[in-house]
Amino acid sequence: MDDQVVAESPRQADSHRPESEGLQRRLKPRQLTMMAIGGAIGVGLFLGSSLTIELAGPGVILSYVVGALVAMVVAYSLAEMAVVHPVAGSFGVYAELYLSRWAGFTVRVTYGLAQIIAIGAEVTAVAIYFGFWFPQVPAWAWVCLVSVGLVIVNALQVGNFGEFEYWFALIKVVAIIIFIAVGVALITGIGPWPAIGLANLTQHGGFLPHGWRGVWLALKMGLNSYMGVEVIAVTAGEAQDPQISIPRAMRTVVFRLIIFYVCAITVMLAMTPWSQTGSATVSGSPFVRAFGVVGIPFAASLMNIVVITAALSSANTNLYLSTRMLFSLSRSRYAPQWLGSLSRNGVPHAALGISTGGMIAAILLAVFAPKGAFLLLYGTAVAGMYFVWIVILMTHLGFRRRLGVDRLAKLPLKLPAQPVLSVSGIVVLIAIAATTFFVEGLQNTVPTFIVFLVIMSVIYWTLRHKAA
């Protein structure tokens, strides 16, 4: 950051420079795009959507549209800052520069922990998916097998990791496109099957069977499905030509996610009654159930392969994200120095080892609480991500105030209508977090996170006192 826009202490400036991090800039633009899609399209769409459908019925389509708008504001805010500060710590570093050191510390710890928990949720989902074919095999066996594979992939040089994730994510992107195409054919009657039409969107209780309250409550889980767009900013420290690749990738990712989520959910709900795809308990993918209901031979099994790939891709990206956040904390001297060590191929192996904690938790939950494991892990990560997104938008407000008119005009990508959109995003996120108490299974997530935030604050002030 040769032309830093804020005054920094020597320690801050050194620890935030990309060249001092030791990471290798080997991630290509196409890999960045697919990594972001891979991180965002996973459990939230293919498994968690069964919960949102149960809450809102066909009205969940509106929940995903609103969630997409909030995600777009966050994504563009991050892209602005990542172009100026292309570092691995991403919004954790930005929060430290433009808000406070406390904000920089807590948002990095929260995000790292949320990703570790999300890894556990994803591998637990893989075990649920495999149960479609092998109901007699215990879930923990699949969790163990998947976990080992993910650690091996993340131990690769970042360029090789990016290439692996590119093809991994491409599989589910192509699969979603095929799913949408097949669904449209079934709905319109193209092919040998009779037209399903759009009756399933208005029958069985109407488009809003649970009213606008259901749409709002479903937004909590629907919004979490988009949480993954921030991966592009986190990869900035290892991206080639970040001033060019980050804006390009961010534009592509946001619009693709909106199309994939909204179109896929709409097609699925038109194919089969929402009462048959929604479920208050997580026992399988509603996309697999949708194909099972329409009766296309082998379609359900093929879709199950896709959702397994999606979960593996998302878990793979989440492991990368949590590893880089722990690495960033170490380089900023908020965590032991050994967590910031790099292997010969430029991978923070020590941080990677700690990040596997989420998978260990998933194994234990799969053994002792297989039915409630997914929702417990998934719900715990939700509240933490609300905090992360709120801090990102607050940081963006500070970033805009201190950037200056000349620098702002030169940004390759800008969020319009500022500060209205950032402030509106903060208000919506706070309102969503405040109403999680009315969603079954999420009542305790915000209070639990508040306790966690207090504990983090105590740790921060203790560390700062020792440093002083």
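A residue counts as buried when its relative accessible area is under 20%, as exposed when that area is over 50%, and as partly exposed in between (1.4 Å probe, protein chains only). Asn 154 is buried, because its relative accessible area is 3%. This residue lies in helix H9 (residues 139-154); helices (H or I, at least four residues) and strands (E, at least two) are DSSP runs, numbered from the N terminus. Apart from residues up to four places away in sequence, Asn 154 touches Phe 161, Asn 316, Leu 319, Tyr 320, Val 347 and Leu 352. Contact here means heavy atoms within 4.5 Å.

The structure is a predicted model, in which local features need pLDDT of at least 70 and side-chain atom pairs count only at pLDDT 80 or more, while totals for chains, interfaces and linings use all residues. Residues are numbered from 1 along each chain as its sequence is written, and side-chain values use heavy atoms, with hydrogens and water left out.

The chain has 22 helices and 0 strands. Of its 468 residues, 60% count as buried. Among the contacts in the chain with a separation of 6 or more, 81% come from residues 24 or more positions apart.

Confidence is given as pLDDT, the predictor's confidence in each residue, from 0 to 100. The chain averages 77, and 78% of the residues score at least 70. Helix H1 (residues 10-16) has the lowest confidence, with a mean of 41, and helix H21 (residues 420-434) has the highest, at 92. Over residues 1-20 the pLDDT stays under 50, and for this stretch the model has 46 contacts beyond four places in sequence.

Next come the helix pairs. Two packed helices are described by the angle between their axes and the distance between the axes. Axes are lines fitted to C-alpha atoms, for helices over the stretch in contact, and angles run from 0 to 180 degrees between N-to-C directions. Angles under 35 degrees count as roughly parallel, over 145 as roughly antiparallel, 65 to 115 as roughly perpendicular and the rest as oblique.

Helix H6 (residues 60-84) packs with H21 at an angle of about 130 degrees, and their axes are 10 Å apart. H6 is therefore oblique to H21. Their crossing is left-handed; a crossing has this hand if the near helix is turned anticlockwise from the far one by less than a right angle, and is right-handed if clockwise. H6 contributes Val 70, Val 73 and Ser 77 to the contact, and H21 contributes Leu 421, Ser 422, Val 428 and Leu 429. By class, the contact of H6 with H21 has 5 nonpolar, 2 polar and no charged residues. In this count Ala, Val, Leu, Ile, Met, Phe, Trp, Tyr, Cys and Pro are nonpolar, Asp, Glu, Lys and Arg are charged, and the others, Gly among them, are polar.

Helix H7 (residues 91-98) and helix H8 (residues 101-130) cross at roughly 165 degrees, and their axes come within 6 Å. H7 and H8 are therefore roughly antiparallel to each other. The crossing of H7 past H8 is right-handed. In H7, Phe 91, Gly 92, Val 93, Ala 95 and Glu 96 meet Arg 101, Ala 103, Gly 104, Val 107, Arg 108 and Tyr 111 of H8. The residues of this contact of H7 with H8 comprise 6 nonpolar, 2 polar and 3 charged.

Phe 105 is also in H8. Phe 105 is buried, with a relative accessible area of 4%. From Phe 105 to Val 93 the C-alpha distance is 8.6 Å, across 12 residues in sequence. Beyond four places in sequence, Phe 105 touches Leu 329, Tyr 334, Met 456, Ile 459, Tyr 460 and Leu 463.

Val 254, in helix H13 (residues 242-271), is buried, with a relative accessible area of 4%. Its C-alpha atom is 7.3 Å from that of Val 229, 25 residues away along the chain. Leaving aside neighbours within four places in sequence, Val 254 is in contact with Met 72, Ala 75 and Tyr 76.

Some backbone features lie in loops. The loop between helix H20 (405-410) and H21 holds Pro 419, which a cis peptide bond joins to Gln 418, with omega about 5 degrees. Ala 417 lies in the loop between H20 and H21, and its phi is near 55 degrees, a positive value in a residue other than glycine. His 204, which is not a glycine either, has a positive phi of about 60 degrees. His 204 is found in the loop between helix H10 (158-188) and helix H11 (211-225), and is partly exposed, with a relative accessible area of 38%.
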